[in-house]
Amino acid sequence: MILVTGGRGFIGAHTVRALLDLGERCVLGQRAAGPPPALVTQREVREGRAVVEQMDCTDLGSVLAAGRRHRVTGIVHLAAAGMGASAPLDELSANAAGLFTVLRAAREWGAGRVVVASTIGVYAGVTDPALREDAPLPVASPHPIPAAKKIAEVAADIAASSGLDVVAARIGAIWGPLGRPSSPFFATPRLVHAAARHAMAAGGASVSSAARAGEAQAAGEGGVPGEAPPSYAEDAVDMCYAPDCGRALALLQTTATLRHRTYNVGGGRAVANREVAAAIGRAVPGAAPALLPGRSPAAPAVDACLDISRLREDTGYASEWDLDRAVTDYVGWLRAGNRR
């Protein structure tokens, strides 16, 4: 079975879904007890293809206990301390401890491969607009998350040098079902949530308390409608729809031979807010958001994107979700009553 730490979370759930679609069986490791994510069917649970195991990745005994109940043949390590949940040093300590625990467990189990989540943020300071895995990375980081992921990549590389099959996945901006209604890094989730609320109101459907809670969260600091940061038409980011991200990670876990230790996982191009707005207008007529012209004052001079050539060449990955299809799917998911 493939252990997916954080398997009940956003990216974890989509990774589990993709692994199940590839015929794998999954252990969903999560610190908090709870049911499987909505992307997993009850039949898959009944048949033992998807099993939720409560575990604390900072506790080696907790993780090893799952290995006594299931034969773990590979790991996708996505669990992490919540962003801003504690002081940066405490987050860093917890995330490093979790990684070391997972690597030790993989060694004890003889797991075939460990895929470790990294981030596009490690490229901050790289000037080339095409972000390649072999680019030299600055030591300094503008945010605690890429700082922690650089440490994780170093640890993963040392583990790989000692005989473990460890691969780092530098993940771009991910959006879609089960994701946050709003992101501090790009506008798309908030814009799509607003379109879904517009569609529900136009269709005469009552907006649920969950949707209203999502609206407050998406509105900005303090949850006051109208306080969301302005979105500029030409601001752009490399973003990837969550099912595509999950499938890329599943392929990195299951592809028999990989030629590299680091892979970018993203869309492969920078998508501008005006493109997102146009797709929203096609999916929900009348709901295309109004954007400010040009670029925000904080926008970089050149839009960078992840070069995903390695991922394509080594795993056969190809996106299954263009922007229009993804926006339509996400709006439909939200209109069905899902808060995220």
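Student: How many disulfides are there in the whole structure?

Tutor: This is a predicted model, and a search of the whole structure finds 0 disulfides.

Student: What about C240, how far is its sulfur from the closest cysteine sulfur?

Tutor: The closest one is in C245, at 5.3 Å, which is too far for a bond. A disulfide needs the two sulfur atoms within 2.5 Å.

Student: And is C240 buried or exposed?

Tutor: C240 is buried, with a relative accessible area of 4%. C245 is buried as well, at 1%.

Student: OK, the sheet now. What is the strand order?

Tutor: The order is β3-β2-β1-β4-β5-β7-β10, an open sheet of 7 strands with parallel pairing. At the edges are β3 (50-54) and β10 (262-265), each pairing on one side only.

Student: How much are neighbouring strands turned against each other?

Tutor: On average by 20°, with direction ignored.

Student: Over how many bridges do β5 and β7 pair?

Tutor: Over 6 bridges, in the parallel sense, between residues 114-119 of β5 and 166-171 of β7. Within this pair, V116 stands opposite A168 in β7.

Student: Which strands does helix α5 touch?

Tutor: Helix α5 (residues 144-161) packs on the sheet and touches β5, β7 and β10. Its direction makes about 150° with that of β5.

Student: And α8, which strands does that helix touch?

Tutor: Helix α8 (residues 242-254) also packs on the sheet, touching β1 (2-5), β4 (74-77), β5, β7 and β10. The direction of α8 makes about 160° with that of β10.

Technical notes
Residues numbered from 1 in each chain as written. Predicted model: local features only at pLDDT ≥ 70, side-chain atom pairs only at ≥ 80, totals over all residues. Heavy atoms only, no water. Buried < 20%, exposed > 50% of the residue type's maximum accessible area, 1.4 Å probe, protein only. Pairing = 2+ DSSP bridges. Helix = DSSP H or I, 4+ residues; strand = E, 2+ residues; numbered from the N terminus. Axes fitted to C-alpha atoms, helices over the stretch in contact; angles between N-to-C directions. Contact = heavy atoms within 4.5 Å.
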